[in-house]
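Try each task before you read its solution.

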Amino acid sequence: MTASATASGTPASAPPRLTLQCEAIGPDTTTIRSLDWDRSRFDIEFGLRNGTTYNSFLVRGERTALIDTSHLKFESTWLPLLQEQIDPQAIDYLIVSHTEPDHSGLIGHLLDLNPEIEIVGSKVAIQFLENQVHRPFNSRAVKSGEELDLGTNPTSGVQHRFEFLSAPNLHWPDTIFSFDHGTGILYTCDAFGLHYCSEELFDADPGAIAPDFRFYYDCLMGPNARSVLQALKRMDALPPITTVAVGHGPLLRHHLGLWLGDYRDWSSDRSGGEAYAAVCYVSQYGFCDRLSQAIARGIGKAGAQVQLVDLRATDAQELSALIGEASAVVVPTWPASPDAELQASIGTLLAALKPKQWVGSYDAFGGDDEPIDTVAGQLRSLGQKSAFEPLRIRQVPLGPDYQRCEEAGTDLGQLLTKAKTIAAMKALDGDLDKALGRLSGGLYVVTARQDTPEGSRSSAMVASWVSQASFDPPGLTVAVAKDRAIEALMQVGDRFVLNILREDNHQDLLRHFLKRFPPGADRFAGVATLEGAAAGGPVLGDALAFLGCRVVQRLEGPDHWIIYAEVEQGNVADTEASTAVHHRKVGNHY
């Protein structure tokens with residue numbers, strides 16, 4: 001069944017499209033999926049091309065459990081639909097996979113309807129909920145290996161026995177997985193999910209959802225690759241899994257081996273090196289979670305290892321090891337008057353720092369932060385090297401702030417991988433290196449801009465690996481290094497502009513766009529541009545020609561993304577001029 005709703009307070013001229021879907025997914029098991037068709041930004045401010053969903057589940061044995069609720073924006077429709085399925089007072093347990101508001105937004109409303117319900121979650125989740133719902137509630141803290149037996153459903157004869165798996169940092173510190181031994185369904189909330197809104201209940205078309213599945217992993221799970229591998233080890237000990245019931249997007253059933261294998265391969269690749277950056281945050285304080293994830297994503301784009309560390313939830317021994325063994329440490333500003341437990345963690349952090357580590361700091365924008373210069377000074381007290389200038393956040397973070405954090409992370413990642421990059425260049429056979437260098441290409445500047453209510457994000461890069469790839473429709477490919485800032489603006493569905501440089505007048509543009517920009521810098525300052533000439537970004541005034549393109553597909557290579565795009569528009573400024581050509585002498589760098 002499907003029910004429609006619109007958010008209150010939204011102008012009638014442009015109501016968001018919010019719908020509900022209620023379907024059986026197994027014996028005695030129903031999902032209520034909240035479909036948010038028009039959501040365009042999420043979490044660390046990465047763009048959504050296909051909206052998102054918030055999935056909750058109802059499992060009936062002799063007793064009944066609800067797994068997660070929904071986003072507060074579905075208050076007027078989700079609760080009535082739940083009441084159509086069951087009297088809320090007949091729900092014995094609420095299993096909280098984790099407490100992020102998009103999954104826990106209606107817990108307070110559920111408690112209003114059933115004050116006696118028992119909330120089951122990790123110890124950290126219960127603590128977080130106490131600060132969210134501001135009322136007493138019945139609770140049970142669980143950890144890996146513990147069970148909750150709902151008993152046998154009298155109609156189906158299926159015994160629904162839940163086993164819990166601790167999965168911290170996927171992607172919050174309070175996450176647990178829940179495995180129903182009666183159906184083989186594993187409930188994972190954020191892990192293995194994707195932001196993809198469709199009434200297709202399961203993963204019937206893997207090709208359609210694969211780009212969003214990978215993008216979601218890179219943004220949220222990749223920075224916690226070590227934690228992903230630990231969770232996969234716990235999953236390996238379970239009986240056969242029939243379905244991964246995710247918190248976002250279609251449920252995974254038809255191609256489980258593909259999705260689990262991807263997570264295993266990607267996380268193994270990210271965890272293969274010894275050197276890593278520890279990016280610290282304080283859970284549920286200011287904008288720590290989102291800003292730390294943006295920094296971590298930038299580090300990962302440069303091929304460096306990264307580990308997110310929650311100063312509030314990580315025990316002292318593990319915290320000391322993670323900080324002491326890291327090659328770089330990034331920390332937020334913390335509350336000026338931290339509670340005793342957080343103060344102890346801060347002391348452990350500072351004591352674990354080692355000389356010659358790279359260090360960086362960022363504003364948490366929590367409302368009562370320790371000044372960032374004070375924090376930066378404490379970090380450098382042992383003679384550590386500065387990874388980047390302190391990231392000062394002077395307002396509620398918007399898109400450009402997250403972009404600046406990501407770019408700072410990429411700069412740090414390049415510092416950590418510099419020796420590896422140089423070694424790889426020297427390892428290439430000399431004759432092969434020279435032969436590869438004889439491959440020539442044109443000279444181009446790729447530009448992109450995305451304007452959202454949260455702010456404008458833009459970037460640019462010099463490109464020479466560009467080729468026409470199709471006639472009908474006209475299409476081209478461009479190779480984009482994984483650590484390029486512009487890569488985040490070239491996801492499937494995004495638009496960009498390929499500016500073709502002219503042979504007799506390209507040196508100034510080349511010098512400008514080849515220089516190293518500090519994080520968040522305006523790439524177009526001092527450059528003549530034609531605004532509004534193309535949908536994807538600025539057209540350079542001195543370019544020979546431009547092509548407006550839309551990304552259709554991305555192919556992953558070892559260190560580059562191969563972007564295939566359809567060409568939607570274009571123009572030539574001078575039909576008599578020639579394209580600038582790039583001749584290299586070696587093939588191990590541009």
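**Exercise 1.** Locate Asp68 and decide whether it is buried or exposed.

Solution. Step one: find the loop between β7 (64-67) and α1 (75-85); Asp68 is found there. Helices (H or I, at least four residues) and strands (E, at least two) are DSSP runs, numbered from the N terminus. Step two: Asp68 has 4% relative accessibility, so it counts as buried. Buried means under 20% relative accessible area, exposed over 50%, partly exposed in between (1.4 Å probe, protein chains only). Step three: check the backbone. Phi of Asp68 is near 70°, a positive value in a residue other than glycine.

This is a predicted model: local features need pLDDT of at least 70, side-chain atom pairs count only at pLDDT 80 or more, and totals for chains, interfaces and linings use all residues. Residues are numbered from 1 along each chain as its sequence is written, and side-chain values use heavy atoms, with hydrogens and water left out.

**Exercise 2.** Locate His134 and give its phi.

Solution. Step one: look in the loop between α4 (123-133) and β10 (138-141), where His134 lies. Step two: read its phi, which is positive at about 55° although His134 is not a glycine. Step three: His134 has a relative accessible area of 65%, so it is exposed.

**Exercise 3.** Which form does the peptide bond from Asp472 to Pro473 take, cis or trans?

Solution. Step one: go to the loop between β24 (466-470) and β25 (475-481), which holds Pro473. Step two: read omega. For the bond from Asp472 to Pro473 omega is near 0°, and the bond is cis. Most residues other than glycine have a negative phi, and most peptide bonds are trans.
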